[in-house]
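Please keep the sequence and the model in view while reading.

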Amino acid sequence: MPVTLFTSSRYSDHLTPPGHPERVERFEVMQAVAAEFRTSGGTVLEPRPASRDELARIHGVDYIGLIAETAGRATALDADTFTSPDTFDVARLAAGAAVTAVEHVLAGEGRRACALVRPPGHHAEADRAMGFCFFNNVAIGAAHARSTGLQRVAIVDYDVHHGNGTQWSFYTDPSVLFVSSHQFPYYPGTGSASEVGSGAGTGFTINLPLAAGATDADYELVYVRVAIPALRQFNPELILVSAGFDAYLDDPLGGMRLTASCFGRLTSMIVAVADDCCAGRVVAITEGGYHLQGLAESLRETIDALDAESDDRADAGAALKGRPDEPARRHELASEQERTGHADAAVNADTSRGQATLNVVLPAVSPYWTL
Ligand SMILES: [Zn+2]
């Protein structure tokens, strides 16, 4: 099996106040999915905690100290980000799962990995905990990959919220391409199409802001037209995925309408790029996802997509190369969706939200990518 899971029962030991959406029950769902995977013959490994040096590639030393000092205590770091006595250790283990999974894939022990963790990470900034996040797991994983000598690492974030912490971690860095699709305007407020990076990193941040109510077809449109071709042109040596499932249609925090299978299709598109660019190397790390059934189904779909052999996808994504004219674009969208089994639904669906996103994103990113 191409994919290995990384998780730990310790992720149940980060506690949040009653009624908080980022609750222990989320991890019980992840554990159940991991148990199914193990039963079906898959490998599930225990991660190690991230070291302070590994955290410090992304976070300030004083900030790491501040989180360390919450050990043994329950504190509120902002209006919705709370520590419990074990939070520091559990958050280090979540960041460590990203590091361990990256090491696993780069060592050639497996082509793909999926870290099932909490707390999530993509809102955590260099010196700030926010949005349920303490350490930026995916950013720490990307920085670790860079530290081993990789020159180009891509991060795709399909959580319903903008991954502000990840964006700012690499905003001036051309070696890390950050692509985020998210509900906009929405928490945390960043992620407009005009945020494209700065300095040497200009062009290496791509935001795909989508209006509330976006569907599978809207997401697939913006991935096929922007995210996937840009990823392919970047030619990454490793792709990381911030795998948040709160764009699921019944999620209590998100306003989107994605089916669970859409997360699998988005992941399959990413895997197809990895197969062509970097020997299939993809590491997914969980982020949000607050509807328990939706979390379970979306996670299963994502793991299945990561576990698919290259042959299963045939020439997936091959049609996306080059610079097609408009009819060809329609054709390529159709073939991508035929391949994923949703041709009729997606081609005939209302994609007005996705089109609106393209209308603002294409002018913003076309100076840097051939789209
Ligand atoms: Zn989220």
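Strands β9 and β10 pair in the parallel sense over five bridges, where helices (H or I, at least four residues) and strands (E, at least two) are DSSP runs numbered from the N terminus, and two strands pair if DSSP finds at least two bridges between them. Within this pairing, Ser 242 stands opposite Ile 285 in β10. The model is predicted, with pLDDT of at least 70 needed for local features and pLDDT 80 or more for side-chain atom pairs to count, whereas totals for chains, interfaces and linings use all residues. Residue numbers start from 1 along each chain as its sequence is written.

Strand β9 also pairs with β6: residues 153-157 of β6 and residues 238-243 of β9 run in the parallel sense over five bridges, and Asp 157 stands opposite Ser 242. Strands of a sheet pair through backbone hydrogen bonds, either parallel or antiparallel. The pairings belong to an open sheet of eight strands, with parallel pairing and the order β2-β1-β5-β10-β9-β6-β7-β8. Its edge strands, each pairing on one side only, are β2 (43-45) and β8 (205-210). From one strand to the next the twist averages 15°; axes here are lines fitted to C-alpha atoms, for helices over the stretch in contact, and angles run from 0 to 180 degrees between N-to-C directions.

How many residues of β9 are buried? Six of its six residues are, so the strand is largely enclosed by the rest of the structure; a residue is called buried if 20 or more other C-beta atoms lie within 10 Å of its own, exposed if 12 or fewer, and partly exposed in between, with C-beta atoms placed from the backbone. Both faces of β9 are covered, with Leu 238, Leu 240 and Ser 242 buried on one side and Ile 239, Val 241 and Ala 243 buried on the other.

Ile 239, which has its place in strand β9, is buried because 28 other C-beta atoms lie within 10 Å. Leaving aside residues up to four places away in sequence, Ile 239 touches Ala 154, Val 156, Ile 270, Val 273, Ala 274, Cys 278, Arg 281 and Val 282, a contact being a pair of residues whose C-beta atoms, placed from the backbone, lie within 7 Å. Arg 281 is 42 residues from Ile 239 along the chain, while their C-alpha atoms are separated by 6.4 Å.

Although β8 is an edge strand, six of its six residues are buried. Both faces are covered, by the same criterion: Thr 205, Asn 207 and Pro 209 are buried on one side, and Ile 206, Leu 208 and Leu 210 on the other.

Turning to the helices, α4 (residues 87-106) lies across β1 (3-6), β5 (112-115), β9 and β10 (282-286), and runs at about 170° to β5. The axes of α4 and α5 (residues 137-147) come within 8 Å and cross at roughly 35°. The crossing is right-handed, meaning that the near helix is turned clockwise from the far one by less than a right angle. Among the residues making the contact are Ala 94, Ala 98 and Val 102 of α4 and Ile 140, Gly 141 and His 144 of α5. By class, the contact has eleven nonpolar, three polar and no charged residues, where Ala, Val, Leu, Ile, Met, Phe, Trp, Tyr, Cys and Pro count as nonpolar, Asp, Glu, Lys and Arg as charged, and the others, Gly among them, as polar. Ten of the eleven residues of α5 are buried, so this helix is largely enclosed by the rest of the structure. Just after α5, Gly 149 takes a positive phi of about 115°.

Finally, the protein as a whole has twelve helices and ten strands. Its radius of gyration, taken over C-alpha atoms, is 19 Å, close to the 21 Å that the globule rule gives for 371 residues, so the protein is as compact as a globular protein of that length; the rule is 2.2 Å times the number of residues to the power 0.38. The C-alpha trace spans about 60 × 45 × 40 Å along its principal axes, and 57% of the 371 residues count as buried.

Notes. Two residues are in contact if their C-beta atoms, placed from the backbone, lie within 7 Å.
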